[in-house]
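Work through the exercises below with the sequence and the model at hand. Each task is followed by a solution in steps.

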Amino acid sequence: MNRSLLLLVLVAASASAQAPVSRAAPFTVDGQGFATLQEAVSSIRLGTATILIAPGTYRQCAVQAGGRITFKAVEPGTAIFEGVACEEKAALVLRGQGSVVDGLVFRGYRVPDGNGAGIRTEMGDLNVVNAMFLDSQEGILGGEPSGQRITIDRSTFSGLGQCDQSPSCSHAVYLANRGSVTITRSRFERGTGGHYVKLRVPTVSITDNSFDDSAGRKTNYMIDLPEGAIGLIARNTFVQGRQKENHTGLIVVAAEAKTYRSTGLRVEDNDARLAPGDATSPAFLADYSHDRLALGANRLGPGLRAFETR
């Protein structure tokens, strides 16, 4: 072998040895590639790591049993999880110390109990950013009897919810904990049943979001705080659609219980309208708590009543 050819072979071999083993693998953790999401999750054990997810459509799911994991799309909006739910719950079943979901798309989740979701959070704090939840029974579902903190930012929830596939309804977002839920700069649209946001938590912050129910059907409230809450609901836009199952209120407080005090809950600087042709007269804010809510100035279209005590 001449010297030039030998040098070329050695350079090629060196480059091959230095190339990341994950080049053809869709899921990468610290440079190591995995063929399935569950293999990538399991490799982290009780550690802290980011799983980078290549563009593609994946009919698979994963259960996080520990650690702190970030599930991140290499290119936001191009990593799509579709249809396959672990434990008949969700694409991601999360019960680690903490989770971040960044840039993923979840669509087409349906399971026998009516709660097929993109994400089921069962333990640990959760931060969801720049994600999409489409055409499923539920977007994000979860409950933990602790001070869990959940944040949702810059995400889309479309074609979600049901009240006719199981004994209980499902919702675009349904969360319960003894901590807080923060939802910002997100869009809710085209609901197919249940509420857009239902929160059984003591503290909420729901700001700068869009709730467009004009193409919804069989939907209920835009925001349901069934056990009361304190916090802030501000700078959101609401369009109430015509095809409602329950059109009596857009934001409803303590309709089921008074577990949490609602004194001082601020509802201000929102814009709410009825879709063209809607002849109903719903309350923008309906209160069952009888606490002293802090209802500020909101811009309401014709047909909407500002407040109702029930």
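Buried means under 20% relative accessible area, exposed means over 50%, and partly exposed is in between, with a 1.4 Å probe and protein chains only. The model is predicted, so local features need pLDDT of at least 70 and side-chain atom pairs count only at pLDDT 80 or more, while totals for chains, interfaces and linings use all residues. Residues are numbered from 1 along each chain as its sequence is written, and side-chain values use heavy atoms, with hydrogens and water left out.

**Exercise 1. The open sheet**

Task: Give the strand order of the open sheet of 10 strands and the sense of its pairing. Then follow the pairing from β4 to β7 and from β7 to β9.

Solution: 

Step 1. Helices (H or I, at least four residues) and strands (E, at least two) are DSSP runs, numbered from the N terminus. Two strands pair if DSSP finds at least two bridges between them.

Step 2. The order is β4-β7-β9-β11-β14-β17-β20-β23-β26-β29, and the pairing is parallel. β4 and β29 (299–300) are the edge strands, each pairing on one side only.

Step 3. β4 (residues 56–58) is joined to β7 (residues 79–82) by 3 bridges in the parallel sense. Here Tyr 58 stands opposite Phe 81 of β7.

Step 4. β7 also pairs with β9 (residues 104–107), in the parallel sense and over 4 bridges.

Step 5. Phe 238 has Ala 272 in β26 as its bridge partner.

**Exercise 2. One face of a helix**

Task: Which residues of α2 (residues 37–44) are buried, and why do they line one face of the helix?

Solution: 

Step 1. The buried residues in α2 are Leu 37, Ala 40, Val 41 and Ile 44.

Step 2. Viewed down the axis of α2, these buried residues fall within an arc of 95 degrees, so they line one face. The arc is that of the directions from the helix axis to the C-beta atoms.

Step 3. Just after α2 comes Arg 45, with a positive phi of about 55 degrees.

**Exercise 3. Salt bridges**

Task: How many salt bridges does the structure hold? Describe the pairs Arg 59 and Glu 82, Glu 87 and Arg 95, and Arg 273 and Asp 271.

Solution: 

Step 1. A salt bridge is a side-chain nitrogen of Lys or Arg within 4 Å of a carboxyl oxygen of Asp or Glu. The structure holds 27 of them.

Step 2. Arg 59 and Glu 82 meet through their side chains at 3.9 Å, N to O. The pair links distant parts of the chain, 23 residues apart: Arg 59 is in the loop between β4 and β5 (62–64), and Glu 82 is in β7. Arg 59 is exposed at 56% relative accessibility, whereas Glu 82 is partly exposed at 22%.

Step 3. Between Glu 87 and Arg 95, the closest N and O atoms are 2.6 Å apart. Glu 87 is partly exposed, at 40%, and Arg 95 is partly exposed, at 24%. Both residues belong to a network of salt bridges that also links Lys 89, Arg 120 and Glu 122.

Step 4. In the salt bridge of Arg 273 with Asp 271, the closest N and O atoms are 3.0 Å apart. Asp 271 is buried, with a relative accessible area of 17%, while Arg 273 is partly exposed, with 35%.

**Exercise 4. A buried aspartate in a loop**

Task: Where is Asp 291 found, and which residues does Asp 291 touch?

Solution: 

Step 1. Asp 291 is in the loop between β27 (283–287) and β28 (294–295). Its relative accessible area is 15%, so Asp 291 is buried.

Step 2. Contact means heavy atoms within 4.5 Å. Not counting residues up to four places away in sequence, Asp 291 touches Arg 261, Ser 262 and Thr 263.

Step 3. A polar contact is a pair of N or O atoms within 3.5 Å; within protein, one must be able to donate a hydrogen and the other to accept it, and residues adjacent in sequence count only if both atoms are side-chain atoms. Such a contact, of 3.0 Å, joins the side chains of Asp 291 and Arg 261. The Asp 291 side chain also reaches the backbone nitrogen of Ser 262, at 2.8 Å.
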